[in-house]
Amino acid sequence: MLLNLLSAAASPLTQEQIQKLQGLVAELNPIQQAWVSGYLAASANSASLGGITPVAAAGESASLTILYGSQTGNAKGVANKLKEQAESRGLAVQLVNMADYKPANLKKEKFIAIAVSTYGEGEPPEPAETLHAFLASKKAPKLEGVKIAVLGLGDTSYEFFCQTAKDFETRLSALGAEVLHPRADLDVDYDAEAATWITGALDAFEPLIKAQAGAQTVAANPFAVSASVESQYTKQNPFDAELSVVQKITGRDSTKDVRHIEISLEGSGITYQPGDSLGVYFLNDEVRVEEIIALLKLDASTLVNVSDEQITLRDALIEKLELTQSYPGFVEKYAQATNSADLQAVAADKAALREYIAARQIFDVIKQNPATIDAQTLVDCCRKVQARLYSIASSQAEVEEEVHLTVGLVEFDAFGETHHGGCSGYLALRAEEGAKVKVFSEHNDNFRLPQNDATPVIMIGPGTGIAPFRAFLQERDARGAEGENWLFFGNPHFTQDFLYQVEIQGYVKSGLLTNVDLAFSRDQAQKVYVQDRIREKGADVVAWLEKGAHVYICGDANRMAKDVHQALVDVLVSHSGRDAEQAEEYLKELRSAHRYQKDVY
């Protein structure tokens, strides 16, 4: 009834604001609605309360603007910690996702802290693309007097480690900004170093911000919205969940091995939304661990230290350390520790080192270079195992205290034996149903269904990229969303690789799926991919975009996502009267409006 009254009444809100409010209210229970009502009433009257000085507004000189660009949530997490610690020092803070930041506001800033990740070949994460490009353009303003500090998150497994953070610092400096605190480029095990950087950055910012604030007292608004209540389980404190289902969903003769995974979250309080990811910690292959221990002539029961924990060497290698995904740091440390001339020569040549690790897991490096080394030194050569992130393939509106994943087994032959990916091998081959697996949810605000359920959506997800769209469809089905849904899906063979075929056909039959376009690349002489289907249906794709559709891409970043982007440019040129430059600009506008979103890896 409230929603009907809101729609019917004369309102100072815009239609878009009404729709957002309707979407929020629909998600709240009566107690939550009452709290929000009280908060809004108090907030409206707060200006008349004595003794309260508002926190500085965005762009005022007495505040610190924290910009984050995050692909998987790590940079966002660091930015949130920076915000919390800044506020504990009495500083006014504006925390902004780069995707939501207006580049024109740069000229109003005085103090900027940046936390940004890098992915692919040194590319900015999706939310940072617009700001990254703006800083390199002629439109970027002069920034004399602006103080900055930049933190980069990356992975030394990749050649262009923390390149985006380097780009931001270089470009801001070229525009006249002063680097107030040295940039930190942090690897995957970043928590301790990030905490050190935060302290140092705030030590540098604090006196300047407070001096500019002058006599103004910065006080927190007592009616400010508190952080949303989240589960106690995080990346640092994962939940011990039960693996309830592991089911192969590709055919016997498929060239791919894809597993549907179901995990129970019962008792965890973990919540997620369609578009989020699940972080999964895994156990290394016990057989290969024991082989390494024997080859190095070590005692599996030797006690070693991993961080602040003392455990046996065997347990450390199985549970705590990265032994599959190679990275330069391991080769460099292991070469030094074992005094291997061959490995030292490889490590000294950056190009040769990249080529070397591309073909090998850490298991291979050790097996091919056995040496005399003590247990603790071996452990110290390794970095801690990192959780693998998988796009969630379910909606809690449908599965409640469960979470579903769509996992492709990484499998390849090298050096005379079969190799498997660390986490995919564990989930698909070694972990039995009923086993415990450590998990946490990773929120992704950059991959969200439209708030208005009447909005049409176009979903492009070949292979395991179907995962988040299964969640989208479950969610829209549960909501009774009226918006049209169009799915583009591709894989090698119809009979072997049509993931979730029965479910998709059911959604077509029910009318939830308005259109489905399939591209089974190997079922005919000429290979056909999802980008080809997009071009075939170009006029309709453009018509959907022009009527407000949101478009989503999930899957491989290096080839598929780029090919799909080019197909979208092509159909806009062919069917909208735009030239290529105007088509690119149109897609940038869609991205800025959160109507063009990617979950790529």
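In this predicted model, five strands make up an open sheet with parallel pairing, arranged in the order β2-β1-β3-β4-β5. The edges are formed by β2 (92-97) and β5 (178-186), each of which pairs on one side only. From one strand to the next, the twist averages 15°.

Two helices pack on this sheet. Helix α4, spanning residues 74-88, touches β1 (63-69), β2, β3 and β4, and its direction makes about 165° with that of β1. Helix α7, spanning residues 191-213, likewise packs on the sheet, where its contacts are with β1, β3, β4 and β5.

Seven bridges link β3 (residues 111-117) to β4 (residues 147-153) in the parallel sense. Along this pair, V116 is found opposite G152 in β4. As a reminder, strands of a sheet pair through backbone hydrogen bonds, in either a parallel or an antiparallel manner.

Strand β13 (residues 411-414) and strand β14 (residues 417-420) run antiparallel and are joined by four bridges. Among the paired positions, F412 has H419 in β14 as its bridge partner. The two strands form a hairpin, with two residues between β13 and β14.

Conventions: Residues numbered from 1 in each chain as written. Predicted model: local features only at pLDDT ≥ 70, side-chain atom pairs only at ≥ 80, totals over all residues. Heavy atoms only, no water. Pairing = 2+ DSSP bridges. Axes fitted to C-alpha atoms, helices over the stretch in contact; angles between N-to-C directions. Contact = heavy atoms within 4.5 Å.
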